[in-house]
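Here are a few notes to get you started. Have the sequence and the 3D view open while you read.

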Amino acid sequence: MKNILAPLGISDNAKNTLVYAIDLAAKSQANLYVMDTFNPSFPNAHLLNVKQAMGSRNRQRIKTLIQQLDSKGVNIQMASYDGDFLSGIASLDQQVQLDLIVSGPVPNADDEAVFLGPTAGRVVKKTDIPVLIVPEGHAFSAPKKALFAFKRGEIKGDRSLAPVQYFKTQFQTAFELLLVKVPNQDRKDQQIDHEIVELSNKMGSTENGTVYQGVLEHFQSVQRDLLVVFARKRGFFEKLLGSDVVLKKDFFTKTPLLVLKNRK
């Protein structure tokens with residue numbers, strides 16, 4: 001893992017997300033890019049100077065935050081961009097080939113009903129880069145046990161499993177595979193590619209109304225340090241990501257959540 005991005009908003013949890021990203025980058029000897037995601041839009045041209053001033057202030061806020069923290073020898077760089085922050089992420093990915101995005105779950109901790117706010121939700125839904133969602137207040141520790149839950153065992157793209165393979169090699173993370181069978185599921189979806197099978201010598205299956213119910217069932221029985229899922233167009237987050245916001249009633253975990261993408 002060479003390049004990690006931490007997009008930071010204006011929430012009180014931004015510091016915790018950055019500290020986690022620094023700790024992970026230090027263990028990985030990776031470069032860490034930090035991006036300001038607060039990008040207000042104003043319809044009137046005469047308010048553009050206000051937008052520029054706010055952007056400058058937010059970038060300075062992040063720079064000050066970086067200066068206050070122990071970098072632990074990590075090469076930390078501010079990533080600048082014009083326009084929407086998703087375009088900025090895509091541009092940075094083209095330049096340096098990002099391996100992982102580390103994000104907090106919500107932009108505003110005051111909204112108790114939300115698990116993924118619009119920033120984290122858009123990063124998960126609208127980028128092709130794996131995303132590690134860090135719960136609020138969660139400190140980094142090398143994951144020893146992980147649950148990799150999926151309802152479709154097909155992998156597309158040589159780099160799709162790269163983050164899982166990295167955790168397995170770097171931290172000796174033990175992955176338990178969980179195939180969740182749901183009603184009216186096509187039988188061909190239950191066929192599992194060998195690339196997934198080779199990640200673990202332990203695999204189980206469960207039949208539930210939803211993938212989330214299957215995950216809850218297994219998380220209640222054995223404590224895991226990491227939950228891994230796939231974001232596919234017709235996969236785990238198919239229902240949840242109809243909106244950029246994911247509510248806690250639909251999905252919630254206090255464990256770090258690694259969301260994989262199909263990548264070539």
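This is a predicted model: local features need pLDDT of at least 70, side-chain atom pairs count only at pLDDT 80 or more; totals for chains, interfaces and linings use all residues.

1. Start with Ile133, which sits in strand S6 (residues 131–133). Is Ile133 buried or exposed? With a relative accessible area of 2%, Ile133 counts as buried, because the cut-off for that is under 20%.

2. Now look at who surrounds Ile133. Setting aside neighbours within four places in sequence, Ile133 is in contact with Ser103, Gly104, Pro105, Leu116, Ala120, Val124, Pro256 and Leu257. Take Leu257 from that list: Ile133 and Leu257 are 124 residues apart in sequence, yet their C-alpha atoms are 5.0 Å apart in space.

3. Next, a pair of helices. The axes of H3 (residues 85–96) and H4 (residues 118–126) come within 11 Å and cross at roughly 45°. That angle makes H3 oblique to H4. The crossing of H3 past H4 is right-handed.

4. Which residues make the contact between H3 and H4? From H3 come Phe85, Leu86 and Ile89, and they meet Thr119, Arg122, Val123 and Lys126 of H4. Sorted by type, the residues of this contact are four nonpolar, one polar and two charged.

5. Helix H1 (residues 14–28) gives you a simple check on length. The buried residues of H1 include Leu18, Tyr20, Ile22, Asp23 and Leu24.

6. Some backbone angles deserve a look. Most residues other than glycine have a negative phi.

7. Where do Lys72 and Gln172 lie? Lys72 is in the loop between helix H2 (48–68) and strand S3 (76–78), and Gln172 is in the loop between helix H5 (162–171) and strand S8 (174–181). As for accessibility, Lys72 counts as partly exposed because its relative value is 47%. Gln172 counts as exposed, since its relative accessibility is 57% and the cut-off for exposed is over 50%.

Notes:
Residues are numbered from 1 along each chain as its sequence is written. Side-chain values use heavy atoms; hydrogens and water are left out. Axes are lines fitted to C-alpha atoms, for helices over the stretch in contact, and angles run from 0 to 180 degrees between N-to-C directions. Helices (H or I, at least four residues) and strands (E, at least two) are DSSP runs, numbered from the N terminus. Angles under 35 degrees count as roughly parallel, over 145 as roughly antiparallel, 65 to 115 as roughly perpendicular and the rest as oblique. A crossing is left-handed if the near helix is turned anticlockwise from the far one by less than a right angle, and right-handed if clockwise. Contact means heavy atoms within 4.5 Å. Ala, Val, Leu, Ile, Met, Phe, Trp, Tyr, Cys and Pro count as nonpolar, Asp, Glu, Lys and Arg as charged, and the others, Gly among them, as polar. Buried means under 20% relative accessible area, exposed over 50%, partly exposed in between (1.4 Å probe, protein chains only).
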